[in-house]
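Q: Could you take a close look at one part of this model for me? I'd like the details in one connected walk-through, please.

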Amino acid sequence: MSNRPFRFVHAGDFHLEQPPGGVREVPDHLRELFIESPYWAAERVFETVLAEEVDFLVLSGDLLDPLRTGPRGPLFLVEQFERLAQRGIQVYWAGGRVDSPDAWPAAVPLPENVHIFGRGHVEQFIHLRDDEPLACVMGVSRAGRGVIRTGDFHPAPDGPFSLAVAHGSINPKNLEKRPVDYWALGGRHARSTLPGTSGVAHFPGTPQGRSPAESGPRGCTLVQVDHQRNVRASLVHTDVVRWHNERMMVDQGTGREDLQGQLSRRVQELVDAAPRMDLLIRWTVAGEGPILAQLRGPKLAGELLQWLRSEYGYGPPAAWSLSLDVESTAVLPPKWYEQDTIRGEFLRAVRAAQLDPSLPLEVETYLSERQLAGTLSDIVAISDEATRQSVLREVALLGADLLSGEEPQS
Ligand SMILES: [Mn+2]
């Protein structure tokens, strides 16, 4: 069946209740940007909806925890929803971990253009344009541990383009059985599209990175659907401050000036790649040579950090260096990896994850709801390879340490 072309914006995981964290200090001149960034980035999502004149907005959960934002959060969202209402733009919202429909304060009524999906069973709306069906929008708010039950979605076989909106985890294998054209998913802070599914299954990620683990560009997704129901999803940047983890390699011949030159070239590249964007950079120096020992000492790292900050940190745009550390290079005895012990088994599992970046860490299953709602969600959502590797290195060292307690050190 042919379809009328249309466009929508898909966004989620605003987490208005959660200012960025995971840094030792925030300088005065970046404090406001830092604290306000979740709101400013969310506002850019609504501005994208207006600027692109899309047909509707799909929100896949975790917009805010109203208890933690206080009245400001709901009032902000209502104001934004009303801007869309003035232009006749509908909003379809499935609640996630923190924004269950029951959590919304009764004192702040939602405008009529906002449709919140209930918990427990899938609801469906037929979105009309000029009284003709454009899309069938199905959705459900998260319940319990948030495993999305794909079998609960029943798009009509000869109906219009179908969307399923939900927050949580999903088994890509189950997607094949449901003829849904677009799965609007939430719950991952890194933008991703699940591979190998017939319909598109997409997580737009969070509009604003919140910690060094959420590095790189963030935004919302503009989705265009053509006559043949082909989907084109593109990233629209909404972040107002961007995180970077930069790993600099040194060798036997690297001196202080060389390292300064390397750092300065890299800052320039980052600034050129995102002009007008404030940046927060965490540096790790790795490799070999005498400069590493100097950096571990009391002075050099601090001096370089001061120099980076005064050269580039005040902008505009500001490229603020958060920290400069030497990568932990402690090496575990190779034979520990071969031993038939819990420690050996643990280290082999970590090594497998280090060698194969596509291997999911799946830490989510070991964490409670409360842990997942807090800062540990950053670890669950590790998005870039450098962070993954450094976390796994620390995991190996810490785990080996804890598991070595009872055994002779060998
Ligand atoms: Mn989230």
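A: Donors here are N, O and S atoms within 2.8 Å of the metal (3.2 Å for Na, K and Ca), and since water is not among the atoms, a site may look incomplete. This is a predicted model, where local features need pLDDT of at least 70 and side-chain atom pairs count only at pLDDT 80 or more, while totals for chains, interfaces and linings use all residues. Residues are numbered from 1 along each chain as its sequence is written, and side-chain values use heavy atoms, with hydrogens and water left out.

Along the sequence, the manganese donor residues follow the spacing D-x1-H-x46-D-x126-H. The protein donors themselves are Asp 13 (OD), His 15 (NE2), Asp 62 (OD) and His 189 (NE2), sitting 2.1 to 2.6 Å from the manganese ion. Asp 13 and His 15 are both buried (under 20% relative accessible area; exposed is over 50%, partly exposed in between, with a 1.4 Å probe and protein chains only).

Now for His 10, which sits in strand E1 (residues 6-11); strands are DSSP runs (E) of at least two residues, numbered from the N terminus. His 10 counts as buried because its relative accessibility is 0%. Its side chain makes a polar contact with the side chain of Tyr 182 at 2.8 Å (a pair of N or O atoms within 3.5 Å; within protein, one must be able to donate a hydrogen and the other to accept it, and residues adjacent in sequence count only if both atoms are side-chain atoms). The His 10 side chain also reaches the backbone oxygen of Leu 185 at 3.3 Å. Beyond its neighbours within four places in sequence, His 10 has contacts including Val 58, Ser 60, His 202 and Cys 220, contact meaning heavy atoms within 4.5 Å.

Key: Helix = DSSP H or I, 4+ residues; strand = E, 2+ residues; numbered from the N terminus.
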